[in-house]
Amino acid sequence: MPVMLGCHTSIQAPFCKTSTEADCILKLGVLKRVELNERSLPTGHFIELDKDERQLADIGNSPYFKPLDHHYIAREAEENQMVLTDSKEKVSFVLLRDPSFRFWMLYNDDAKSGFFCPEPQTNMVNAPNVPLSYKKTG
């Protein structure tokens, strides 16, 4: 039986009492977005990151730049981590992941609820039913 491991991590941001959401910068090691169908299942296609997602991956962006319920292919090695920085307090929270976690799910409800979920996963959601090789789906 196929087994997928995923960490359902929820983070409150801001995480410092003196800070606001505008002080929070999220950097997430993602490479491409996994296209999802109307049931939120992978189609087997990948989407290039849009401008806001490229910023998220390269220099960081607000964890609330838009409502998110997206699935991503992770970057390799040391670039595949989550770093949430409070720019006002100059402190960061870092979520490192094992290299076997090759995908991220990123969820923030409505982008207004004060939390987001960076969830490292070992494979794509519904991987055995995605029309790609197991080497691409995990």
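Mentor: Happy to! Let's start with the word contact, which means heavy atoms within 4.5 Å. In the protein chain, 64% of the contacts with a separation of 6 or more are between residues 24 or more positions apart.

A note on the basis: this is a predicted model, in which local features need pLDDT of at least 70 and side-chain atom pairs count only at pLDDT 80 or more, while totals for chains, interfaces and linings use all residues. Residues are numbered from 1 along each chain as its sequence is written, and side-chain values use heavy atoms, leaving out hydrogens and water.

The protein chain has two helices and nine strands (DSSP runs numbered from the N terminus: helices are H or I, at least four residues; strands are E, at least two). Of its 138 residues, 43% are buried, meaning under 20% relative accessible area with a 1.4 Å probe, protein chains only.

Now the part you asked for. A nonpolar core is a set of buried Ala, Val, Leu, Ile, Met, Phe, Trp, Tyr and Cys residues joined through side-chain atoms within 4.5 Å. The largest one has 21 residues, and Met-82, Leu-84, Trp-104, Leu-106 and Phe-116 have the most contacts inside it. Two or more residues each come from strands E2 (24–28), E5 (69–74), E6 (81–86) and E8 (103–107) and from helix H1 (51–58). E2 gives the most, three residues.

Take Leu-84: setting aside neighbours within four places in sequence, its contacts include Ile-11, Phe-15, Leu-26, Val-91 and Phe-116. A second, separate core has six residues, among them Val-34, Met-124, Ala-127 and Val-130. In soluble globular proteins, nonpolar side chains tend to be buried together.

Technical notes. Buried < 20%, exposed > 50% of the residue type's maximum accessible area, 1.4 Å probe, protein only.
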